[in-house]
Amino acid sequence: MWDVFLIKFFLTFSVMLHRTNFGLVLEQRYNITPKEIGYLISYSGILHTVSGFGAGKVAEFYRNDSKLMIHFSILLAVALLGQTLAPYIWLYLVCQTVMAFCQANLRAAQISRVIARGRNKETGVLMGLNQSVISMGRIVAPLLGGLVQEVHMAGSSLLGVLFALLACGIMLAVPPEGTDRQTADKEKKEL
């Protein structure tokens with residue numbers, strides 16, 4: 001079970017590192033106003049909401065949480081890198097759209113994976129632990145992101161890309177036993 005929570009931590013941590021002082025970074029890189037930054041934050045919220053509605057269809061299409069998580073984690077890392085290196089604001093918005101879609105699908109797949117790995121027992125404890133892992137990422141990311149941004153303005157985003165790729169490496173290295181939907185469906189039928 002450690003691998004599931006470590007992957008969750010690294011993916012959450014990568015996005016939180018990217019979001020550290022991102023308003024300041026956008027203001028300096030693209031010379032936009034605080035009002036426009038507010039619009040970007042609102043756009044991000046709308047994207048996350050709309051992407052959440054399609055997460056079920058994507059999960060149905062994949063029928064395997066492990067494959068979905070690997071593909072969308074790689075796509076998340078590419079989107080983070082694209083946002084970090086985007087020379088134009090429109091390209092940043094395209095990468096932000098991809099990132100929101102990835103995050104919504106990853107969140108659904110991670111929850112499904114945690115429940116499947118726990119064999120539907122002690123679901124409340126697992127969900128609480130899942131939220132604690134997210135909270136740890138939210139606590140540590142601003143501190144580390146601020147330290148890294150002292151070295152380079154894009155440092156925290158690049159470090160976020162590194163942590164997303166590290167999560168992908170863990171998913172490829174550790175066999176995902178009992179995490180796909182087909183295995184969970186078979187276990188439900190046996191009960």
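The charged end of Arg19 sits over the ring of Phe22, at 5.6 Å from the ring centre; a charge counts as over a ring if NZ of Lys or CZ of Arg is within 6 Å of the ring centre and within 35 degrees of the ring normal. The model is predicted, with local features needing pLDDT of at least 70 and side-chain atom pairs counting only at pLDDT 80 or more, while totals for chains, interfaces and linings use all residues. Residues are numbered from 1 along each chain as its sequence is written, and side-chain values use heavy atoms, with hydrogens and water left out.

The protein chain contains eight helices and zero strands, these being DSSP runs numbered from the N terminus (helices: H or I, at least four residues; strands: E, at least two). Of the 191 residues in the protein chain, 47% are buried. Buried means under 20% relative accessible area, exposed over 50%, and partly exposed in between (1.4 Å probe, protein chains only). Among contacts in the protein chain with a separation of 6 or more, 83% are between residues 24 or more positions apart; contact means heavy atoms within 4.5 Å.

The largest nonpolar core has 34 residues, and Ile7 and Leu76 have the most contacts inside it. Such a core is a set of buried Ala, Val, Leu, Ile, Met, Phe, Trp, Tyr and Cys residues joined through side-chain atoms within 4.5 Å. Two or more residues each are given to this core by α1 (2-19), α4, α5, α6 (123-151) and α7 (155-173). The largest share, nine residues, comes from α1. Apart from this core lies another, of eight residues, including Phe22, Leu26, Tyr30 and Leu40. With neighbours within four places in sequence left aside, Ile7 is in contact with Met69, Gln110, Arg113, Ala167, Ile170 and Met171.

Aromatic pairs were assigned to rings of Phe, Tyr and Trp (its six-membered ring) with centres within 6.5 Å; planes under 30 degrees apart count as stacked, over 60 as edge-to-face and the rest as tilted. The count by this rule is nine aromatic pairs. The ring centres of Phe72 and Phe101 are 5.6 Å apart and their planes are at 55°, so this pair is tilted. Because Phe72 lies in helix α4 (residues 65-85) and Phe101 in helix α5 (residues 89-117), the pair ties together parts that are 29 residues apart in sequence. Phe72 is buried, at 6% relative accessible area, whereas Phe101 is partly exposed, at 34%. The aromatic pair of Tyr88 and Trp90 is stacked, with 6.4 Å from centre to centre and 10° between the planes. Trp90 is exposed, with 54% relative accessibility. One aromatic cluster is formed by Phe9, Phe10, Phe13 and Phe163.

Helix α4 has 21 residues and spans 30 Å from its first C-alpha to its last, close to the expected 30 Å, where the expectation is 1.5 Å times one less than the number of residues. At the start of α4, a side-chain oxygen of Asn64 comes to within 2.9 Å of the backbone nitrogen of Ser66.

Two further positions were examined. Ala154 is in the loop between α6 and α7 and is buried, at 11% relative accessibility. Gly45 is in helix α3 (residues 34-62) and is partly exposed, at 34% relative accessibility. Gly45 and Ala100, 55 residues apart in sequence, are 8.6 Å apart from C-alpha to C-alpha.

Definitions and conventions. Polar contact = N/O pair within 3.5 Å; in protein donor to acceptor, adjacent residues only side chain to side chain.
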